[in-house]
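Hi,

Here is the structure I promised to pass on.

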Amino acid sequence: MPHILIIEDDTDINNSTAAYLRRQGCVCTQAFSGTEGRLLWREGGCDLLLVDLMLPGLSGGELIAEIRRSSQVPVIVLSAKSDLSDKVELLGSGADDYLTKPYQLEELWARVQVQLRHANAAPAGALLRFRDWVLDLDEMTLTAAGRPVGLTAHEFKIVELLAGRPKRVFTKQQIYEAVWQDVYAVEDKTITVHISNIRAKLRPSGTDGYIQTVWGIGFKLSEA
């Protein structure tokens, strides 16, 4: 599941883009200012960024310049500017692609897929490691402390989501929408039950404590 950070101050555009990409199987984190986007970027774990240019707090151009000092993560610019000179300047300053507003979500998704393929974000047989866990993203299998752990597809996707960004706290709603690709129902117990089942399956390996409950918020992984 690719992790996409959307940095766009227009709430409608941000929400509609995130909803569409989630339906395509992506995990989306949303920021509504350049400053918020920078904070979320520094948490790590994003496979691709969608960045508006005219952002409050920190402009999209400034943010891209800062990102490029330490990372080559794919960046697609979303902007109302359509002049060729603007596109050339942005592509020369570090953006990987440029999409002019208003854009069709289908075209955006096609461009996202191209950038993810170029970056080899999810190559066949890729392994994701966290402490004593090894996740085979191609085979959808988990080995914990050398022991195979039999997970359902949804359980595996939950573990993959948490392991992909171990420093982040995920709410139940974020986990549900990322894994089930559906709208989260208030007071739904699905995530709690699945986390309980995952912990039970991990207990023989001694790694069930890796999944921490952050009371009143959601779940994250313990790094120590």
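Which residues do ring pairs link into a cluster? They are Phe 130, Trp 133 and Tyr 210.

Before the rest, some housekeeping. This is a predicted model, so to speak a computed one: local features need pLDDT of at least 70, side-chain atom pairs count only at pLDDT 80 or more, and totals for chains, interfaces and linings use all residues. Residues are numbered from 1 along each chain as its sequence is written, and side-chain values use heavy atoms, with hydrogens and water left out.

Back to the rings. Searching the whole structure turns up four aromatic pairs. Rings of Phe, Tyr and Trp (for Trp, the six-membered ring) pair if their centres lie within 6.5 Å; planes under 30 degrees apart are stacked, over 60 edge-to-face, and the rest tilted. Tyr 176 and Trp 180 have ring centres 5.0 Å apart and planes at 10°, so they are stacked. The two sit four residues apart in helix H7, about one helical turn. Helices (H or I, at least four residues) and strands (E, at least two) are DSSP runs, numbered from the N terminus. Tyr 176 is buried, at 11% relative accessibility; buried means under 20% relative accessible area, exposed over 50%, and partly exposed in between (1.4 Å probe, protein chains only).

Now the charges. A salt bridge here is a side-chain nitrogen of Lys or Arg within 4 Å of a carboxyl oxygen of Asp or Glu, and the count comes to 10. Arg 111 is worth a look. With Asp 97 it forms a salt bridge whose closest N and O atoms are 2.8 Å apart. That pair links distant parts of the chain, with Asp 97 in strand E5 (97-100) and Arg 111 in helix H5 (105-118), 14 residues apart. Asp 97 is buried at 16%, while Arg 111 is partly exposed at 24%. Arg 111 also meets Glu 107 in a salt bridge (2.8 Å, N to O); these two are four residues apart in H5, about one helical turn. Glu 107 is partly exposed, at 36%.

Another salt bridge joins Lys 201 and Glu 155, with 2.7 Å between the closest N and O atoms. Lys 201 is in helix H8 (190-202) and Glu 155 in helix H6 (153-164), so the pair ties together parts 46 residues apart in sequence. Glu 155 is buried at 4%, whereas Lys 201 is partly exposed at 32%. Glu 8, Asp 52 and Lys 101 are linked in a salt-bridge network.

Then there is strand E2. Five of its five residues are buried, so E2 is largely enclosed by the rest of the structure. Val 27, Thr 29 and Ala 31 point one way from E2, with Cys 28 and Gln 30 pointing the other way. Strand E1 (3-7) runs parallel to E2, joined by five bridges; strands pair if DSSP finds at least two bridges between them. Gln 30 is the bridge partner of Ile 6.

Cheers
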